[in-house]
Amino acid sequence: MILKPLIKNVLVYQGTTLMLEFMWDVPGYPLEAGCIVNMQIRPTIQSDIVICEASTTNNKIFIHVIEKLIEIRIPAEETAEFSFDKATYDIEIEFPNGVVFRPVQGSMSLSLEVTRIV
């Protein structure tokens, strides 16, 4: 089975909690407790630099099995450190049987924060 990723471009507000939600409803591949979801933000697809990493293992991504929902939460303290104009990201789901899908990918733009702790 080949799934074409959803292209979702995101505007990130520096210094605020980045919250994203994506529905997952693919027959034969239900979200379950054993799934691992990973997301990386990089300056470009080819870059070795990781701006931010979120996953179910670092408690920035949450799986809501009943709602068939993947929730991403990157804390405001982290987005306050973002300094990119544009970046790229994708999300991958790994199922307990080893199958991996990339349901979402896209670009990120940063809206700079004016109110900062001085």
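**Figure 1. Lining of the second largest pocket.** Gln 14, Gly 15, Ala 76, Glu 77, Ala 80, Glu 113, Arg 116 and Ile 117 form the lining of the second largest pocket, shown here, as in every view that follows, in a predicted model. The volume of this second largest pocket comes to about 160 Å³. By residue class, its lining consists of 3 nonpolar, 2 polar and 3 charged residues.

**Figure 2. Lining of the largest pocket.** The largest pocket, with a volume of about 270 Å³, has 15 lining residues, and those that lie nearest its centre are Gln 40, Ile 45, Thr 88, Tyr 89 and Asp 90. At least two lining residues come from each of strand S4 (36-42), strand S8 (86-94) and strand S9 (100-111), and S4 gives the most, with 5 residues. Sorted by class, the lining of the largest pocket holds 5 nonpolar, 6 polar and 4 charged residues.

**Figure 3. Strand S3 and its pairing with strand S7.** S3 runs antiparallel to strand S7 (residues 69-74), and the two are joined by 6 bridges.

Figure 4. Ser 55 belongs to strand S5, which spans residues 52-55. Because its relative accessibility is 4%, and the limit for a buried residue is under 20%, Ser 55 counts as buried. The side chain of Ser 55 makes a polar contact of 2.7 Å with the side chain of Thr 57. When neighbours within four places in sequence are left aside, the residues in contact with Ser 55 are Val 37, Asn 38, Lys 60 and Ile 61.

**Figure 5. Two loop residues with positive phi.** Most residues other than glycine have a negative phi. Asn 59, although not a glycine, has a positive phi of about 60°, and this residue lies in the loop between S5 and strand S6 (61-64). Since its relative accessibility is 55%, and exposed residues are those over 50%, Asn 59 counts as exposed. Lys 68, which is likewise not a glycine, has a positive phi of about 60° and is placed in the loop between S6 and S7. With a relative accessibility of 36%, a value between the limits of 20% and 50%, Lys 68 therefore counts as partly exposed.

**Figure 6. Pro 30 in the loop between S3 and S4.** The loop between S3 and S4 contains Pro 30, which counts as partly exposed because its relative accessibility is 48%. If residues up to four places away in sequence are not counted, Pro 30 touches Cys 35 and Phe 95. From Pro 30 to Ile 74 the separation is 44 residues in sequence, and their C-alpha atoms are 24 Å apart in space.

How values were computed
Residues numbered from 1 in each chain as written. Predicted model: local features only at pLDDT ≥ 70, side-chain atom pairs only at ≥ 80, totals over all residues. Heavy atoms only, no water. Helix = DSSP H or I, 4+ residues; strand = E, 2+ residues; numbered from the N terminus. Buried < 20%, exposed > 50% of the residue type's maximum accessible area, 1.4 Å probe, protein only. Polar contact = N/O pair within 3.5 Å; in protein donor to acceptor, adjacent residues only side chain to side chain. Contact = heavy atoms within 4.5 Å. 1 Å grid on protein atoms, 1.4 Å probe; cavity = no way out; pocket = protein on both sides within 12 Å on 5 of 7 lines; lining within 4 Å. Points joined across faces, edges and corners; volume = space filled by probe spheres on them. Nonpolar A, V, L, I, M, F, W, Y, C, P; charged D, E, K, R; others polar. Pairing = 2+ DSSP bridges.
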